[in-house]
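Me: I'd like to learn how to read side-chain contacts in a model like this one. Could you take me through them, one kind at a time?

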Amino acid sequence: DFDVDHRSVTSFVVSLPVGRGQRFLGRASGVAEALLGGWQINGIVTFQRGLPYGIAALDRDGLLDTVLNRANLVGDPNPEGFRPTVEEWFNTAAFEQPAPGHFGDTGRKVLRGPGVNNFDVGLFKNFRLAETATLQFRLESFNMMNHARFFFPNTNVSSDAFGALGIAGAGRINQLGLKLLW
């Protein structure tokens, strides 16, 4: 269920070289230092292949004493030239409901859901209050590019929405904050 065979996560923190003691405006003070110095950018960038899932079918008439069954595989779920869409994430014609009293022949977790490409970024401004105290203003953006992050498609071969992506995670979330460091 949690097989992620391709995943890349990169994080970074960059203090901008502007302001007192830095490469640019190193002698800044007063208003110039307050506006231009002490900025920092950080982020986490995630790319991941989708999680595996299987195709379900109903146990019609309860003959197998199960609630769900597996569908029969009758074609290629990802034929050459097929382009997944929100309405049809895989070739739905490749699966069918098994006959009553028969188990489906589809393997377990044979397809993969949508992957992840996510950018979380923060912009921080540090204000030195005393030798051991800093006030940090934070602007953080989660899913900054506002990419749709869909969960699994409808996997019930008997459903009218079979193969469609219907549930998505949160879109872009921005937040502001103040943090006292001492």
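Me: Let's start with charges: how far apart are N and O where the side chains of Arg-112 and Asp-3 meet in a salt bridge?

Reply: Side chains of opposite charge can pair when their charged atoms come close. The term salt bridge is used here for a side-chain nitrogen of Lys or Arg within 4 Å of a carboxyl oxygen of Asp or Glu. For Arg-112 and Asp-3 the N to O distance is 2.6 Å. Before we go on, a note on the source: this is a predicted model, local features need pLDDT of at least 70, side-chain atom pairs count only at pLDDT 80 or more, and totals for chains, interfaces and linings use all residues. Residues are numbered from 1 along each chain as its sequence is written, and side-chain values use heavy atoms, with hydrogens and water left out.

Me: Which parts of the chain does the pair of Arg-112 and Asp-3 tie together?

Reply: Arg-112 belongs to strand β8 (residues 111-112) and Asp-3 to the segment before β1 (7-15), so parts 109 residues apart in sequence are tied together. Strands (E, at least two residues) are DSSP runs, numbered from the N terminus.

Me: Which residue forms a salt bridge with Asp-5 at 2.6 Å?

Reply: That is Arg-49, taking the closest N and O atoms. Asp-5 is in the segment before β1 and Arg-49 in the loop between β2 (39-48) and β3, 44 residues apart. The side chains of Asp-5 and Arg-112 also meet in a salt bridge, at 3.8 Å from N to O. Through shared partners, Asp-3, Asp-5, Arg-49 and Arg-112 are joined into one network. The whole structure has four salt bridges.

Me: Is Asp-3 buried, partly exposed or exposed?

Reply: Buried means under 20% relative accessible area, exposed over 50%, and partly exposed in between (1.4 Å probe, protein chains only). Asp-3, with 40%, is partly exposed. Asp-5 is partly exposed at 37%, and Arg-49 is partly exposed at 37%.

Me: Now the rings, please: how many aromatic pairs are there?

Reply: A pair of aromatic rings is described by the distance of the centres and the angle of the planes. Rings of Phe, Tyr and Trp (its six-membered ring) pair if their centres lie within 6.5 Å; planes under 30 degrees apart count as stacked, over 60 as edge-to-face and the rest as tilted. The count is six aromatic pairs. One of them, Tyr-53 with Phe-90, is tilted, with 6.3 Å between centres and 50° between planes. Tyr-53 is in strand β3 (residues 52-53) and Phe-90 in the loop between β6 (72-73) and β7 (95-96), so this pair ties together parts 37 residues apart in sequence.

Me: What about Phe-90 and Phe-162: how are their planes set?

Reply: Their planes are at 75° with the centres 5.3 Å apart, so this pair is edge-to-face. Phe-162 is in the loop between β10 (133-142) and β11 (173-181), 72 residues from Phe-90. Phe-90 is buried at 1% relative accessible area, and Phe-162 is buried at 11%. Tyr-53, Phe-90, Phe-95, Phe-152 and Phe-162 form one aromatic cluster.

Definitions and conventions
Helices (H or I, at least four residues) and strands (E, at least two) are DSSP runs, numbered from the N terminus.
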